[in-house]
Amino acid sequence: MLAITTLLSPPNAARINRIIKELETQFGLDDVQATADPHITYQLAGVRKLSLLKAVLRDVARTTKPFPAFTTGLGVFPGPNPVIYIPVLRSDALNQLHMRIVNATAPLCLRTDKFSGPDCWMPHISLALHDTSPDLLGPVLQHLNEQTFNLRLNINNITILRQEGEQFVQEKVFSFEGHKNEKAPLLF
């Protein structure tokens, strides 16, 4: 499976990685580090031909201008191993990008995850997953509750992450048109 994502800018990625490292130090949570690059996922997909996927995503990126997205609060996907995340607020620009990606890749996908559809997609930045437990949820959320999670993100790339063993690594980054001139400062 491949993940079609947007990587966070270096300042935002550094902030998220600091939080993830705190969760490892204080609670032993480190499975989220299987992906070293904090990101927003649009779709998980198995594809017929990687070269065709790269071509269609390159076209989407070439015709997309950078835009801001915003985060706030904390969220939890419940279950035996709850996922703790920072929600990314859906906007028209983010929804349009998501739909362009889903529509462009649909003919190439052998399978996709059930959460990539427009009605189910919940953009987020994962802080902890797979190695969490309901017992840890309270203490972790109490720790995280001491911070705010109001970030301004600069959506300026589409990145393919591929699974390599237990890790997800960058396969290809497609920068949006004009991205080098755009900056989105952190908001705290």
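In this predicted model, H1 passes H4 in a right-handed crossing. The two helices, H1 and H4 (residues 134-144), pack at an angle of about 135°, and their axes lie 11 Å apart. Because angles over 145 degrees count as roughly antiparallel and those from 65 to 115 as roughly perpendicular, H1 is classed as oblique to H4. On the side of H1, the contact is made by Ile-19, Glu-22, Leu-23, Gln-26 and Phe-27, while H4 contributes Leu-136, Pro-139, Val-140, His-143 and Leu-144. By class, the residues of this contact of H1 with H4 comprise seven nonpolar, two polar and one charged.

A second pair is formed by helix H2 (residues 50-62) and helix H3 (residues 92-105), which pack at an angle of about 150°, with 10 Å between their axes. H2 and H3 are therefore roughly antiparallel to each other, and their crossing is right-handed. Leu-53, Val-56, Leu-57, Asp-59 and Val-60 of H2 make the contact with Leu-97, Arg-100, Ile-101, Ala-104 and Thr-105 of H3. The contact of H2 with H3 has seven nonpolar residues, one polar residue and two charged residues.

The geometry of the two pairs is set out here.

| Helix pair | Angle | Axes apart |
|---|---|---|
| H1 and H4 | H1-H4: about 135° | H1-H4: 11 Å |
| H2 and H3 | H2-H3: about 150° | H2-H3: 10 Å |

The report now turns to the pocket. The largest pocket has a volume of about 1000 Å³ and is lined by 35 residues, of which Thr-41, Leu-44, His-124, Ser-126 and Leu-129 lie nearest its centre. Several elements each supply at least two residues of the lining, namely helix H1 (10-27), strand S2 (39-47), strand S7 (124-128), strand S9 (157-164) and strand S10 (167-175). Of these elements, S2 gives the most to the lining of the largest pocket, with five residues. By class, the lining of the largest pocket divides into 19 nonpolar, 12 polar and four charged residues.

Note on methods:
Residues are numbered from 1 along each chain as its sequence is written. This is a predicted model: local features need pLDDT of at least 70, side-chain atom pairs count only at pLDDT 80 or more; totals for chains, interfaces and linings use all residues. Side-chain values use heavy atoms; hydrogens and water are left out. On a 1 Å grid over the protein atoms alone, a cavity is a set of points where a 1.4 Å probe fits but cannot get out, and a pocket is an open set with protein on both sides within 12 Å along at least five of seven lines; lining residues have an atom within 4 Å of a point. Grid points are joined across faces, edges and corners, and a volume is the space filled by probe spheres set on the points. Helices (H or I, at least four residues) and strands (E, at least two) are DSSP runs, numbered from the N terminus. Ala, Val, Leu, Ile, Met, Phe, Trp, Tyr, Cys and Pro count as nonpolar, Asp, Glu, Lys and Arg as charged, and the others, Gly among them, as polar. Axes are lines fitted to C-alpha atoms, for helices over the stretch in contact, and angles run from 0 to 180 degrees between N-to-C directions. Angles under 35 degrees count as roughly parallel, over 145 as roughly antiparallel, 65 to 115 as roughly perpendicular and the rest as oblique. A crossing is left-handed if the near helix is turned anticlockwise from the far one by less than a right angle, and right-handed if clockwise. Contact means heavy atoms within 4.5 Å.
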